[in-house]
Amino acid sequence: MKESTPLTLYVAYTAKPGCREAFVRQIVMEGIADTIRREEGCIRYDYYFSAQQEDKMVEQWQTQAHQRIHLQQPHMARLRELKEQYVSDTRLSRVTLEEA
């Protein structure tokens, strides 16, 4: 993948029983999602609720370097704490987009 190609990640969270809405509500109330959306290089950061009980989030960054910097931001420490409280499993996959 070229460094200039946007990086799209699909992150599938499996919430602990009964914790799905509380996890997202906490991230919204604390302003973590909005803070991430304002980070340099962030193209998209959205949550989706799956009918199969998995919580899914889509991240899209201008480059892999931007995403690496994102992971080091202070608000990510709080997000990790919330994930420990509300999430039982996280699976990450990269989406490869073909250029036309």
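Reader: Which residue is the bridge partner of L9 in strand 4?

Author: In this predicted model, L9 has R94 of strand 4 as its bridge partner.

Reader: What makes strand 1 and strand 4 a pair?

Author: Pairing requires at least two bridges between two strands. Strand 1 (residues 7–15) and strand 4 are joined by 8 bridges, so they meet the definition of a pair. The two strands run antiparallel.

Reader: Why are strand 2 and strand 4 called edge strands?

Author: The open sheet holds 4 strands in the order 2-3-1-4, with antiparallel pairing. Strand 2 (42–49) and strand 4 (87–95) each pair on one side only, and the twist averages 15 degrees from one strand to the next.

Reader: Which helices lie across strand 1, and at what angles do they run?

Author: Helix 1 (residues 20–29) lies across strand 1, strand 2, strand 3 (54–61) and strand 4, at about 150 degrees to strand 2. Helix 4 (residues 74–86) lies across strand 1, strand 2 and strand 4, at about 125 degrees to strand 4.

Reader: In what order do the elements of the protein run, and why is the protein called compact?

Author: From the N terminus, the order is β-α-α-β-β-α-α-β. The radius of gyration is 14 Å, close to the 13 Å that the globule rule gives for 100 residues; the protein is therefore as compact as a globular protein of that length.

Reader: What share of the residues is buried?

Author: Buried residues, those under 20% relative accessible area, make up 40% of the 100 residues.

Note on methods: Residues are numbered from 1 along each chain as its sequence is written. This is a predicted model: local features need pLDDT of at least 70, side-chain atom pairs count only at pLDDT 80 or more; totals for chains, interfaces and linings use all residues. Side-chain values use heavy atoms; hydrogens and water are left out. Axes are lines fitted to C-alpha atoms, for helices over the stretch in contact, and angles run from 0 to 180 degrees between N-to-C directions. Contact means heavy atoms within 4.5 Å. The radius of gyration is taken over C-alpha atoms; the globule rule is 2.2 Å times the number of residues to the power 0.38. Buried means under 20% relative accessible area, exposed over 50%, partly exposed in between (1.4 Å probe, protein chains only).
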